[in-house]
Protein chains: 4
Amino acid sequence: MSETRDRGDTLVALLSGPDQAGIVARVSGWIFQRGGNIIHADQHRDQEEGIFFQRVEWLPKNDARAEAAAFSEFASSIGMNVRLALSSHRPKFAVMVSKFDHCFHDLALRWKAGEFQGDIACVVSNHDTLRDAAEHYGLPFHHVPVTSGRKDAAEKLQLQIFTDHRVEFIVMARYMQVLSGEFLRALRRPVINIHHSFLPAFAGGRPYHQAHARGVKLIGATAHYATEVLDDGPIIQQDVARVTHRHGVRDLIRKGRDLEKLVLSQAVAWHAENRVLIYGRKTVVFD
Amino acid sequence: MSETRDRGDTLVALLSGPDQAGIVARVSGWIFQRGGNIIHADQHRDQEEGIFFQRVEWLPKNDARAEAAAFSEFASSIGMNVRLALSSHRPKFAVMVSKFDHCFHDLALRWKAGEFQGDIACVVSNHDTLRDAAEHYGLPFHHVPVTSGRKDAAEKLQLQIFTDHRVEFIVMARYMQVLSGEFLRALRRPVINIHHSFLPAFAGGRPYHQAHARGVKLIGATAHYATEVLDDGPIIQQDVARVTHRHGVRDLIRKGRDLEKLVLSQAVAWHAENRVLIYGRKTVVFD
Amino acid sequence: MSETRDRGDTLVALLSGPDQAGIVARVSGWIFQRGGNIIHADQHRDQEEGIFFQRVEWLPKNDARAEAAAFSEFASSIGMNVRLALSSHRPKFAVMVSKFDHCFHDLALRWKAGEFQGDIACVVSNHDTLRDAAEHYGLPFHHVPVTSGRKDAAEKLQLQIFTDHRVEFIVMARYMQVLSGEFLRALRRPVINIHHSFLPAFAGGRPYHQAHARGVKLIGATAHYATEVLDDGPIIQQDVARVTHRHGVRDLIRKGRDLEKLVLSQAVAWHAENRVLIYGRKTVVFD
Amino acid sequence: MSETRDRGDTLVALLSGPDQAGIVARVSGWIFQRGGNIIHADQHRDQEEGIFFQRVEWLPKNDARAEAAAFSEFASSIGMNVRLALSSHRPKFAVMVSKFDHCFHDLALRWKAGEFQGDIACVVSNHDTLRDAAEHYGLPFHHVPVTSGRKDAAEKLQLQIFTDHRVEFIVMARYMQVLSGEFLRALRRPVINIHHSFLPAFAGGRPYHQAHARGVKLIGATAHYATEVLDDGPIIQQDVARVTHRHGVRDLIRKGRDLEKLVLSQAVAWHAENRVLIYGRKTVVFD
């Protein structure tokens with residue numbers, strides 16, 4: 001949301017930890033005393049759980065890297081977890097795809113249009129279908145087949161690719177494979193996923209067919225961080241579209257695609273701008 | 001949606017039945033040959049199930065009541081179910097309430113503002129709380145306590161009240177009691193209910209607290225026809241509102257109330273105007 | 001949005017003024033050094049105009065009234081305008097109505113439901129139509145006819161009523177008279193108004209008829225602070241609803257009423273909670 | 001919206017003309033008597049202007065082309081204007097672009113994904129910027145510079161290109177040139193345009209900057225048929241997105257791009273499926 005990206009190397013800190021008196025004053029005081037100028041600051045308290053969250057962006061007087069290190073120490077000294085980023089730093093991310101290509105094209109075009117404060121480093125797919133499209137965008141494409149009983153090997157290869165490309169997070173753009181818990185633990189990087197959502201929810205296959213059979217009047221999509229439990233991770237963004245009896249299953253699927261594009265790309269943009277803090281099963285999004 | 005309510009006694013027919021060639025031509029031909037003038041007509045085919053649905057509103061040349069009877073016979077002769085209403089007829093309905101009063105006031109004020117093509121005949125409650133409010137609106141109020149082990153007796157009394165007031169359908173305006181299957185079968189009138197909806201869904205009590213704990217970004221409400229299975233009946237209308245981490249449980253509940261008012265009143269308006277056809281577990285809404 | 005209203009006497013300050021280095025640190029430092037505990041804080045910079053805005057809510061260690069006075073002095077000393085309120089303080093407001101009653105009932109019912117952090121002190125109308133309704137809600141009703149050539153006298157009387165009731169702001173709930181510039185200047189209190197909005201806009205009378213003739217697909221409503229120029233004041237909230245060719249003028253008007261209720265009541269709630277800062281022709285809403 | 005595209009050659013007729021008794025019966029009767037089977041039918045009456053509109057889709061018993069000709073004669077005989085299309089017919093359309101490419105990519109990808117019942121025949125631009133992108137999609141690209149004082153010649157060339165490619169309609173995908181009245185008259189084909197919309201409207205340049213300065217809470221986009229008067233043609237579709245004081249001009253523009261993509265592509269889809277009827281300054285959209 002900031003108009004300030006081009007005005008020098010600012011620092012963004014995402015803080016979280018036990019709520020305590022004076023925390024806002026201490027953080028802003030620390031920055032001020034060292035000549036920093038706060039550009040944006042937003043904070044939140046979860047009063048039931050006694051947790052404090054803050055996103056603060058400032059223009060340091062001193063060298064930004066050195067200041068980041070110093071702030072990190074300071075945050076530890078007051079018992080806060082912190083994630084720090086320089087505004088000049090553009091995190092790299094991988095896009096995982098299968099055959100559905102709507103989210104893939106949407107992400108690639110937004111990236112080329114400069115909508116993300118980060119860069120797609122590579123595309124990984126269990127099919128070779130989107131190789132040409134990826135390469136036309138100038139993106140390295142890795143075909144990693146996932147065959148029955150060989151998922152382990154595939155995941156090892158994927159991990160290697162992510163490490164080689166130095167990606168900081170992964171986006172599942174309608175990647176139609178479940179990631180194993182071991183893989184997620186080995187990754188130690190956030191994974192953003194997208195899935196359809198309905199009121200009521202439908203278990204089992206062919207959810208759009210079920211939704212149509214049930215006559216729902218709204219269909220939705222949810223972007224969340226992937227966890228071992230399918231579609232149960234912390235929610236980043238959600239949206240819905242209206243449908244009527246005049247819409248067939250094909251129409252629902254088409255409207256669902258538009259929702260998936262909008263919701264996933266918004267989640268990626270927020271994540272890349274360090275606007276999302278996870279805690280427990282939920283998120284704070286400083287939009 | 002019609003602007004035509006005040007221009008004479010039109011007939012509204014809601015037809016449904018097995019799809020067949022020429023059905024539209026036969027219905028409109030029947031009306032035309034008897035000098036009727038179609039004001040509105042809307043139809044729908046469920047192509048998977050082979051069912052045809054039509055809502056047709058026309059100005060008959062002959063006496064409307066006689067024409068209704070003749071049309072009813074004609075519909076049977078071509079194998080169609082039909083529900084017929086004269087535009088001058090305003091169905092009576094009962095409103096069931098407990099202590100939450102937002103939907104109750106909303107319905108009563110919309111009724112007084114002339115938004116419904118029907119009339120509230122009475123208010124039935126398991127508490128005496130809203131007696132004054134109901135009577136101020138000029139509405140008969142019946143207090144029918146529902147005590148443990150005496151639900152049967154209460155339901156018998158409610159049934160008697162509905163019959164005495166000649167209500168044609170019932171609206172549960174946040175009535176906090178489950179209706180028994182026997183009661184619903186004995187009623188033989190549609191019952192419209194409202195409940196909150198979430199993505200994902202939450203089982204068990206205190207759903208707004210659960211939704212807050214899960215960090216949902218949207219909350220919703222669904223109006224549906226009541227069936228024996230709780231909150232599982234055919235959906236009439238749904239809507240959602242956006243929430244963020246800045247909203248506490250109180251805010252979610254407040255936003256939920258606004259959704260419940262809008263969604264329930266829309267469902268009641270459509271039902272009263274004979275715009276809703278139920279089939280299986282879904283509806284066709286000719287809006 | 002806060003869940004904290006009942007936990008003691010907090011202070012809310014709305015600050016605005018020329019942006020300057022260290023402003024967040026100085027404000028939070030001042031509060032911290034005097035033993036206060038910040039509950040919520042939100043700030044905004046208009047970088048084009050170099051203005052800083054902050055809403056900060058804290059639990060003071062000392063007597064809240066005394067602390068408010070001290071903070072006011074402090075704010076002046078750093079060149080900031082400030083508006084201060086104790087959380088225990090419930091501002092009184094007047095509701096101005098004519099004959100349309102949908103916004104009036106909506107405000108009265110939300111007030112009774114405890115949705116506002118403030119109280120309706122009186123109802124003022126140029127017609128006597130809503131006297132009974134107002135008195136049923138327990139609200140003093142003042143009939144101030146506005147006759148041609150006697151607007152001056154009416155405005156003097158209205159001013160007197162507002163002063164007598166100690167109202168801090170005024171809500172025009174579809175009050176169908178334009179307030180004169182002199183009146184607004186003499187009032188020295190904010191006035192919140194609601195009007196319909198269309199894409200494109202329509203000048204002249206009967207806007208819903210014009211919108212219908214133009215075939216718009218969306219209708220809207222805007223709540224704003226009243227200024228001398230009609231419907232041109234700083235915008236607080238806006239919303240829209242979808243319409244189709246199937247909707248007649250009556251339907252547009254009905255949907256417009258729902259929008260007006262939702263948009264106006266949201267604006268009133270935010271204003272009463274000291275969440276709205278006006279500057280120039282726009283607002284910052286700390287929701 | 002139909003699921004029926006692949007089940008043989010259906011006919012779609014869009015009828016409009018003076019309202020008259022029995023019109024629905026006559027149309028459906030004509031189809032039925034010739035062995036046709038109506039798949040979808042939707043009609044509308046503008047009761048103020050006394051105009052009847054119908055979209056009817058049927059599976060003819062006889063050869064579809066011959067049946068289309070016969071129906072056309074029949075429609076004339078009852079005083080109706082008619083536009084007829086075979087479901088197997090995919091209209092060709094041209095896309096006009098300048099340098100902004102978001103709507104262009106969106107249209108091209110939806111076309112490749114099979115979302116339109118029609119085909120992009122060529123891309124025409126006053127700049128050479130998007131040549132590579134167009135050709136990658138397999139689309140002929142024509143660079144027609146529009147230089148001061150030479151607009152006439154450019155428009156002649158464009159007209160020739162459209163005729164050569166046999167396009168049936170034109171889509172201005174953020175084409176930043178005004179089409180002259182002469183050109184539009186010579187075209188004799190519908191032109192769909194997209195523009196931003198605000199509440200209130202803003203005249204003059206840099207509308208997003210104006211909207212930001214005015215502090216609007218919603219921004220919108222409108223797709224309409226182009227007429228000589230800029231942005232004044234019959235509206236096909238509109239949508240809005242919510243913004244706050246936290247959004248800068250860049251954010252408004254980015255959100256505006258998403259709206260433009262969704263609204264324009266929906267308008268193109270409806271037009272290609274023969275769902276839009278223009279009359280006077282408005283449309284009927286049979287969705």
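**Exercise 1.** Which residue forms a salt bridge with Asp287(A), and how far apart are the closest N and O atoms?

*Solution.* The model is predicted; local features need pLDDT of at least 70, side-chain atom pairs count only at pLDDT 80 or more, and totals for chains, interfaces and linings use all residues. Residues are numbered from 1 along each chain as its sequence is written, chains are lettered from A and ligands numbered from 1 in the order in which they are written, and side-chain values use heavy atoms, with hydrogens and water left out.

Step 1: apply the rule, a side-chain nitrogen of Lys or Arg within 4 Å of a carboxyl oxygen of Asp or Glu. Step 2: the partner of Asp287(A) is Arg246(B), with the closest N and O atoms 3.8 Å apart. Step 3: the rule finds six salt bridges across the interface of chain A and chain B.

**Exercise 2.** Describe the side of chain A that touches chain B.

*Solution.* Step 1: 35 residues from chain A and 35 residues from chain B take part in the contact (heavy atoms within 4.5 Å). Step 2: the area buried between the two chains is about 3000 Å², and carbon and sulfur atoms give 48% of it; buried area is the accessible area (1.4 Å probe) lost on putting two parts together, summed over both. Step 3: of the area that chain A buries against chain B, 25% is supplied by Leu199(A), Arg214(A) and His245(A), more than by any other three residues.

Step 4: 25 residue pairs, both at pLDDT 80 or more, are in polar contact between chain A and chain B. Such a contact is a pair of N or O atoms within 3.5 Å; within protein, one must be able to donate a hydrogen and the other to accept it, and residues adjacent in sequence count only if both atoms are side-chain atoms. Step 5: elements giving two or more residues to this side of chain A include strand E9 (191-198) and helix H7 (207-214), where helices (H or I, at least four residues) and strands (E, at least two) are DSSP runs numbered from the N terminus. The largest share, seven residues, comes from E11(A).

**Exercise 3.** Is Arg174(B) buried or exposed?

*Solution.* Step 1: Arg174(B) lies in the loop between strand E8 (169-172) and helix H6 (181-187) of chain B. Step 2: its phi is positive, about 60°, although Arg174(B) is not a glycine. Step 3: with 14% relative accessibility, Arg174(B) counts as buried (under 20% relative accessible area; exposed is over 50%, partly exposed in between; 1.4 Å probe, protein chains only). Step 4: for contrast, Arg166(D), with a positive phi near 55°, is exposed at 65%.
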